[in-house]
Amino acid sequence: MTGAHPEPVPGGTDRLPLLGLGEARSTVAGSVQRAADRTWSLGDLDWGRLRPESLTDDDRSAVRFITFVEDHIPGYLTWLMELFPLVGEEIPVEEFCVNREYFRFFVTWAADEERHAAALTRYQTAAGMAEPDELAEELATEGRKRFVLPYREPLQAFTYTLVQEKATQLFYQRFRSRVREPLLRELLHRLARDEARHFALYAQLVAAYLRTGGTRALPPVKEVLETFRMPLADTLTDYWRWSLKVADSVGYDHTEAYEALVRLVREYTGTAGEGDGDELLSFVASVGRLA
């Protein structure tokens with residue numbers, strides 16, 4: 001699931017080697033297969049269960065908010081294709097081959113997110129929350145805004161998406177636990193399951209970089225956490241007030257997702273007691289105290 005973010009941190013980081021083609025291929029193949037095995041469509045939802053009278057004002061606000069986030073998928077995919085290019089003879093063959101494997105996942109992921117956007121849009125109109133054409137224009141106003149992240153390293157892109165996908169999964173699970181409207185509960189369950197699958201792929205990719213790069217991989221990871229913001233944070237109108245209100249109504253804090261990254265750092269770079277690893281874990285702890 002973003003908008004304009006700060007510029008890259010001055011100085012940046014030394015470029016880490018690409019993952020091996022074989023590892024990229026096998027990792028992506030497993031994720032793509034799981035997506036095929038667990039796919040669903042809007043027709044699988046029992047729209048006859050919809051009970052809009054069961055929705056609270058907070059429920060309606062949260063649904064509107066997440067529709068904006070999910071509907072921004074064209075921007076997200078555009079950014080990924082710029083970071084992992086596949087057009088241009090200047091692209092080294094080795095890099096192209098690895099990017100080509102990533103692309104197999106990106107299009108599967110994009111199809112999932114597009115289905116999320118379509119389901120939430122239909123839900124709003126079916127529940128009487130919005131008129132179709134008015135909603136399309138409202139989403140277009142935000143959707144035209146360019147999606148930008150300050151990261152240029154594959155590891156940083158995967159670290160960001162790992163945290164973001166885990167945070168989104170947690171949000172949908174928390175939201176579902178508060179909702180009483182039966183169709184929305186079913187939809188949120190499906191959304192959370194998809195986000196968990198996306199997280200698993202990005203976790204595998206980050207783990208591969210940590211395993212091969214060791215402590216060299218930690219500075220770019222730490223840079224992501226220091227500059228992390230959830231999607232659309234700097235572009236969606238009234239984002240901060242709206243997002244805080246939604247998070248409070250659901251009982252959710254996106255920094256809980258950082259713990260998933262901490263587990264990978266501990267597993268693949270040794271104990272937490274030295275150098276960049278210690279700094280990264282201390283940073284996560286400080287964020288937790290402030291949350």
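With which side chain does the side chain of E186 make a polar contact? The views below start from this point; the model is predicted, with local features requiring pLDDT of at least 70, side-chain atom pairs counted only at pLDDT 80 or more, and totals for chains, interfaces and linings using all residues. Residues are numbered from 1 along each chain as its sequence is written, and side-chain values use heavy atoms, with hydrogens and water left out.

Figure 1. The side chain of E186 makes a polar contact with the side chain of R49, at 3.4 Å. A polar contact is a pair of N or O atoms within 3.5 Å; within protein, one must be able to donate a hydrogen and the other to accept it, and residues adjacent in sequence count only if both atoms are side-chain atoms. E186 counts as buried because its relative accessibility is 16%; the classes are buried under 20% relative accessible area, exposed over 50% and partly exposed in between (1.4 Å probe, protein chains only). Apart from neighbours within four places in sequence, E186 is in contact (heavy atoms within 4.5 Å) with D44, L45, D46 and R49.

**Figure 2. The largest nonpolar core of the protein.** This core has 89 residues, and those with the most contacts inside it are Y102, Y123, F158, L162, F175 and Y202. A nonpolar core is a set of buried Ala, Val, Leu, Ile, Met, Phe, Trp, Tyr and Cys residues joined through side-chain atoms within 4.5 Å. Helix α7 (residues 182-213) supplies the largest share of the core, 16 residues. Y123 touches W47, L50, L55, V63, M129, E181, L183, L184 and L187, when residues up to four places away in sequence are not counted. In the protein as a whole, buried residues make up 51% of the 291 residues. The secondary structure comes to 11 helices and 0 strands, where helices (H or I, at least four residues) and strands (E, at least two) are DSSP runs numbered from the N terminus.

**Figure 3. Packing of α7 against helix α10 (residues 258-268).** The two axes come within 9 Å and cross at roughly 30°; axes are lines fitted to C-alpha atoms, for helices over the stretch in contact, and angles run from 0 to 180 degrees between N-to-C directions. On the α7 side the contact is made by F199, A203, V206, A207, L210 and R211, and on the α10 side by A260, L261, L264, V265 and Y268.

**Figure 4. T215 in the loop between α7 and α8 (218-227).** T215 counts as exposed because its relative accessibility is 51%. Its C-alpha atom is separated by 9.3 Å from that of V265, although T215 and V265 are 50 residues apart along the chain.

**Figure 5. T227 in helix α8.** A polar atom of the T227 side chain lies 2.9 Å from the backbone oxygen of E223. At 15% relative accessibility, T227 counts as buried.

**Figure 6. L232 and D238 with positive phi.** Most residues other than glycine have a negative phi. L232, in the loop between α8 and α9 (239-250), has phi near 65°, and D238, which lies in the loop between α8 and α9, has phi near 60°. L232 counts as buried because its relative accessibility is 1%, whereas D238, at 38%, counts as partly exposed.
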